[in-house]
Amino acid sequence: MNNSVSNTARLLGAGLRALLVLTLVTGVIYPLVVTGIAQGLFNDKANGSEIKVDGKVVGSSLIGQAYNLPLKKGEETPAPDLKWFQGRPQNGLGTNSVNTQYKLILSGATNRSGDNEELIQWVKDAKAAVVKDNSTPDYKVKPSEVPADAVTSSGSGLDPAISPQYADIQVHRVAEKNGLPVAQVQKLVDEHTEGRTLGFMGEPRVNVLELNIALKDLVAKS
């Protein structure tokens with residue numbers, strides 16, 4: 001009987017020691033090592049790919065932002081502030097979702113099929129708005145020039161980038177609203193256009209936040 005109790009106690013002691021060792025290794029040492037490696041080798045990515053201006057974090061290069069006017073009385077959603085480059089539509093999960101203005105509580109797509117009547121109407125309305133908003137007295141946007149990313153939200157609803165085509169059709173409007181030469185604004189877009197990753201993955205893109213930061217600097221110098 002005593003031997004049985006003694007063996008049980010030894011087994012419990014060994015199990016407890018194993019638990020403590022595993023907890024220390026997997027719950028403390030391993031996370032610290034991984035965190036240290038990440039901070040040492042990939043500091044920017046480990047901290048959320050933050051974008052800073054004058055030492056202040058203004059956003060992340062991985063998450064889109066809204067550039068809207070203050071919400072007016074009677075409006076359900078604020079109007080876009082057209083002096084800035086605009087990102088993709090922000091109804092990532094539809095109008096019944098909490099993610100209607102790049103809010104990070106949820107992310108995702110509308111999950112509507114291509115022949116869904118509501119989705120089709122969203123696209124038509126978005127295309128009409130893009131044509132109207134980006135046409136100026138000396139530049140008219142044609143419906144055929146509006147790219148898909150200008151009228152559809154991304155799979156996450158948080159896409160930080162737009163296509164060079166969508167950025168290009170915004171150039172004249174942004175130049176006019178800010179009193180800048182079109183050539184200067186186009187140069188900003190060209191400078192902030194990234195190619196495919198490793199030359200073959202993804203599509204050419206323009207990070208809207210980074211582009212608008214450069215635009216703000218250009219306006220300040222003008």
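By class, the second largest pocket is lined by six nonpolar, two polar and two charged residues, where Ala, Val, Leu, Ile, Met, Phe, Trp, Tyr, Cys and Pro count as nonpolar, Asp, Glu, Lys and Arg as charged, and the others, Gly among them, as polar. This is a predicted model, in which local features need pLDDT of at least 70 and side-chain atom pairs count only at pLDDT 80 or more, while totals for chains, interfaces and linings use all residues. Residues are numbered from 1 along each chain as its sequence is written, and side-chain values use heavy atoms, with hydrogens and water left out.

**The pocket**
- The second largest pocket has a volume of about 220 Å³, a volume being the space filled by probe spheres set on grid points that are joined across faces, edges and corners.
- A pocket is an open set of points on a 1 Å grid over the protein atoms alone, where a 1.4 Å probe fits, with protein on both sides within 12 Å along at least five of seven lines, and its lining residues have an atom within 4 Å of a point.
- The lining consists of V53, V58, Q65, Y67, W84, L209, N212, I213, K216 and D217, and its largest share, five residues, comes from helix α7 (residues 208–221).

**The chain as a whole**
- The protein chain has seven helices and five strands, which are DSSP runs numbered from the N terminus (helices H or I, at least four residues; strands E, at least two).
- Of the 222 residues of the protein chain, 32% count as buried, that is, under 20% relative accessible area with a 1.4 Å probe and protein chains only.

**The enclosed helix α5**
- Because six of the eight residues of helix α5 (residues 171–178) are buried, this helix is largely enclosed by the rest of the structure.
- The buried residues of α5 are V171, H172, R173, V174, A175 and N178, and they pack against α3 (117–134), α4 (164–168), α6 (182–191) and α7, with contact meaning heavy atoms within 4.5 Å.
- After α5 comes G179, whose phi is positive, near 65°.

**The pair α6 and α7**
- Helices α6 and α7 pack at an angle of about 145°, with their axes 10 Å apart; axes are lines fitted to C-alpha atoms over the stretch in contact, and angles run from 0 to 180 degrees between N-to-C directions.
- In this pair, Q184, L188 and V189 of α6 meet L211, A214, L215 and L218 of α7, and by class the contact has six nonpolar, one polar and no charged residues.

Terms used: Buried means under 20% relative accessible area, exposed over 50%, partly exposed in between (1.4 Å probe, protein chains only).
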